[in-house]
Every structure is written in C-alpha cells, then in structure tokens.
Amino acid sequence: MELSRDGDVAVAVRAARAASAALLPLRSTGRTGRELGDAGDAAGQRAIAGVLAAERPEDVVFSEEAADDSGRLTAGRVWIVDPLDGTREYSDPARGDWAVHVALWSAGDLVAAAVALPALGEVHVTDPAPAPPARPDGPVRIAVSRTRPPAEAQAVADALDGELVPLGSAGYKTLAVVRGEVDAYVHSGGMYQWDSAAPVAIARAAGLVTCRLDGSPLVYNAADPSLPDLVVARPELADRVLAAARAGR
C-alpha cells in the first residue's frame, strides 16, 4: 500500500473524521447509556487505528482504547489519541459537547493535531492555527466539569469576579476557550494524556496558555499516562487565573 504523502495534520484530520463518521450513526441505533458509550469507544478506535495503520504504519499509537505499547517511550513519533472524549455526553442525544482527539508527538513535543466536534460538524487543527475571537464584555467565564467542578476553579471565579460554565468533555472545554465560548478552563482531580494532548496542541497553536495548575509544563508521552490537572487560558488572563488557582488549592 502506498503511504500518504500528505502532512501529519491532514492525516490527523482524516483519522478524526473517520471516527466522527463511525460515531454519529451509532447515536440513532437505539442503544443508550453504557452500551452506546462502549460501542462508540470501539468504533472510534477502529476508525482511527485504520487510518493510522494505512498512512503512518511505522508510528506508535498511544490510545485510551488500546493496550499501552511501551515502545512509545523510545519511539520518535507517537500518535496520542482519544477516540471518544466525553462518553457520558455522547450517550445523551441532546448533548454535543464531546470530541475526538488525534495528536502527534515527536522529538519531545506535540507537533500536529486535529480535534473533531462531530455533533457540531467541526474539525479544529493546529495548522492553520485558529484565531480566538475577542473576549466580550462581562464576567470571566471558566469552563469546568459538569460533574466534578474543582475548588480551584471556584477560587478563580471568586478572584476574577467570574462565573463557572459546566461543559462536557475535556476536549470540548479546551476548544471552548479556542472558540471563544469561555475564557479559561481549570481542571483538577484526574485526567490522562490522551484527554488533553490534541486539544492542548490546538490551544497552543491559537496562542493560548496551557500548563499544569502549578504553572509547570504539560509533558506528553511520559511513562505514566496520568496527567491529572490542566489550565487553559487566554494570555491576558493567564497570570491571574494561575495565581488564583494556586491560592485555591
């Protein structure tokens, strides 16, 4: 099979779109809850794995829905993917705040990514980089988990006279900052590398600040898949968001 000569972003887009095409029809099959979520996880994984196997067969894939290949720790190119980010939201036909993540890590950093928001018909990429819209007047809007809003986010809202905005998946919340739906995203309490790699790559390309709650860098393709906390913020707010988050820990 002839390998794709397209760039890595184009491959990421094809993988994300393939997963979207597999995921959307499943929502109308009559399945619900855990059954639908499990079916979606499996279908998204098959779709992404198929594209990457065909177009980048020498690369390692590090996915939530596959066994962790220790060879990724010495590989030069590793795809970090989440075939269905936000299973709970995906399983609710009324919700669109779920995502598909496809990111490429190489030589110590994230170098290409695509995030699909299938229910909205959108795919966001690192190149061309997105341009976040100007922030509207009004309170600072902080995206948080719908089920586990962290104390640090409430501390940020209190310090900045802001408001919490509960949203679904981690990828959707990160892209909500990119899209201008919110101004920051503050998370603590557990997360994995695949939950944030692709959306963080896009947020960085858009000029947003991305880091751990303590301000340290987000490190990907580390041996431990856990990457438990995250801040994504508009640059003009980042220092204040981080100071308030640290004070609230």
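Predicted model: local features only at pLDDT ≥ 70, side-chain atom pairs only at ≥ 80, totals over all residues.
1. The largest pocket holds about 550 Å³ of space. Its lining is made up of 26 residues, of which Asp85, Gly86, Thr87, Arg88 and Arg148 are the closest to the centre of the pocket.

2. Several elements contribute to this lining. At least two residues each come from strand 2 (77–85), helix 3 (87–90), helix 5 (170–179), strand 8 (184–187) and helix 6 (193–205). Sorted by class, the lining of the largest pocket comprises 11 charged, eight polar and seven nonpolar residues.

3. Three aromatic pairs are counted in the model. In one of them, the ring centres of Phe62 and Trp194 are 5.4 Å apart and the planes stand at 75 degrees; the pair is therefore edge-to-face, since an angle over 60 degrees counts as such. Because Phe62 belongs to strand 1 (residues 60–63) and Trp194 to helix 6, this pair ties together parts that are 132 residues apart in sequence. Phe62 and Trp194 are both buried.

4. Tyr90 and Trp98 also form an edge-to-face pair, because their ring planes are at 75 degrees, with the centres 4.8 Å apart. Tyr90 and Trp98 are each buried.

5. Phe62 forms one aromatic cluster with Tyr192 and Trp194.

Methods
Residues numbered from 1 in each chain as written. Heavy atoms only, no water. 1 Å grid on protein atoms, 1.4 Å probe; cavity = no way out; pocket = protein on both sides within 12 Å on 5 of 7 lines; lining within 4 Å. Points joined across faces, edges and corners; volume = space filled by probe spheres on them. Helix = DSSP H or I, 4+ residues; strand = E, 2+ residues; numbered from the N terminus. Nonpolar A, V, L, I, M, F, W, Y, C, P; charged D, E, K, R; others polar. Phe/Tyr/Trp six-rings, centres within 6.5 Å; stacked < 30°, edge-to-face > 60°. Buried < 20%, exposed > 50% of the residue type's maximum accessible area, 1.4 Å probe, protein only.
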